[in-house]
Every structure is written in structure tokens, then in C-alpha cells.
Amino acid sequence: MNYSCELKCIHDTLKSVCNAIVSVINVDITIVDNELNRITGTGRYVGSIGEQLNSNCSFAYALQRGESFIIENPRLHEACSSCINNDGCKEYAQVCCPIKVDDNIVGIMGLIAFNEKQRDIILENKENLLEFLSRMSELIASKIKENR
């Protein structure tokens with residue numbers, strides 16, 4: 001099932017959540033639906049909102065896996081093995097967190113480091129970031145349920 005409409009309906013909430021996260025940790029964030037459509041994002045992702053990601057990207061892997069994880073070494077991680085952008089990847093680290101509503105994954109929230117400083121922020125705070133993103137995911141899920 002495509003949950004794009006449900007995520008698009010709460011776009012303002014998603015944008016606020018993303019901006020709040022960025023203001024605290026200064027790492028770009030994006031949210032994609034379960035069809036890999038970019039719903040919102042910050043920084044480098046602002047210009048690609050509405051685009052569909054490649055089906056071999058790390059977010060597709062995250063949708064299949066269904067649980068949060070951290071990519072400490074892009075290009076070497078299993079999630080990156082079939083990515084068509086692997087050779088030209090500009091990422092230094094990534095955190096992926098599913099957004100689940102009633103046990104269905106409706107999307108993925110991703111924090112992406114594009115430099116060493118951002119990578120350090122992610123790697124020095126791994127457990128806290130995973131917990132924080134999990135709570136933000138729950139907030140988004142409750143907003144979707146409220147809209148239903």
C-alpha cells in the first residue's frame with residue numbers, strides 16, 4: 001500500500017520535525033514514503049522533494065529491513081552494495097529509521113552526514129540518535145493516525 005498521501009497530508013508537521021532535528025544536530029534529514037518518494041528534506045534535499053529514489057538505495061534496504069540502523073561507512077555497508085550511486089556517493093554516514101503505523105512501514109526518516117564533522121556527530125551519539133529518531137517516528141505515526 002502506498003502511504004504517500006498520508007505523509008503528504010501532514011507535510012507541515014514533517015517539515016517542522018525535520019527543521020527541529022536539524023536545528024539541534026546540524027545534520028541533513030529527509031523523509032521518504034514506502035514507495036521511495038521524497039516527501040520532505042533539509043539542506044541538499046530541498047531541491048529534490050517529490051522525486052522518487054532508486055529502488056537499490058539505502059532507503060529501500062531500510063524499508064525491507066524494517067528497523068533502525070546506522071551506516072558508519074557508506075559504500076562498504078550492505079545497504080549500499082547494490083546502490084547505483086555507490087562510486088560517486090558523497091555521504092559520510094547515515095541513520096535510517098522506519099516510520100511505522102499499526103505495524104506497517106509508511107516511510108523512512110534518514111539523517112545524512114555530508115562531511116567529517118557531521119559524521120562525528122552521528123557516530124558519537126549513535127544510541128541517543130536512534131532513540132530520538134524512534135520518538136520522532138512515533139510522533140509522525142500518531143499525527144497520521146490523528147488525520148485518519
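Predicted model: local features only at pLDDT ≥ 70, side-chain atom pairs only at ≥ 80, totals over all residues.

Let's start with arginine 38, which sits in strand S2 (residues 38-41). This arginine is buried yet has no salt bridge. The nearest side chain of opposite charge belongs to glutamate 51, 5.7 Å away, and a salt bridge needs the atoms within 4 Å. What the side chain of arginine 38 does have is a polar contact with the side chain of serine 48, at 2.9 Å. Looking beyond neighbours within four places in sequence, arginine 38 also touches other residues, among them Thr30, Ile31, Tyr45 and Leu53.

Strand S2 has a partner, too: S1 (residues 28-33) pairs with S2 in the antiparallel sense, over 3 bridges. Valine 32 has arginine 38 as its bridge partner in S2. The hairpin of these strands has 4 residues between them, and leucine 36 takes a positive phi there, near 70 degrees.

Now for the rings. How many aromatic pairs does a search of the whole structure find? It finds 2, shown here:

| Pair | Centres apart | Planes | Type |
|---|---|---|---|
| Tyrosine 45 and phenylalanine 114 | 5.9 Å | 45 degrees | tilted |
| Tyrosine 61 and phenylalanine 69 | 5.3 Å | 80 degrees | edge-to-face |

Tyrosine 45 is in the loop between S2 and helix H3 (58-65), while phenylalanine 114 is in the loop between strand S5 (104-113) and helix H4 (116-124), so their pair ties together parts 69 residues apart in sequence. Both tyrosine 45 and phenylalanine 114 are buried. Tyrosine 61 counts as buried at 16% relative accessibility, and phenylalanine 69 is buried with a relative accessible area of 5%.

How values were computed:
Residues numbered from 1 in each chain as written. Heavy atoms only, no water. Helix = DSSP H or I, 4+ residues; strand = E, 2+ residues; numbered from the N terminus. Buried < 20%, exposed > 50% of the residue type's maximum accessible area, 1.4 Å probe, protein only. Lys, Arg positive; Asp, Glu negative; His and termini not counted. Polar contact = N/O pair within 3.5 Å; in protein donor to acceptor, adjacent residues only side chain to side chain. Contact = heavy atoms within 4.5 Å. Pairing = 2+ DSSP bridges. Phe/Tyr/Trp six-rings, centres within 6.5 Å; stacked < 30°, edge-to-face > 60°.
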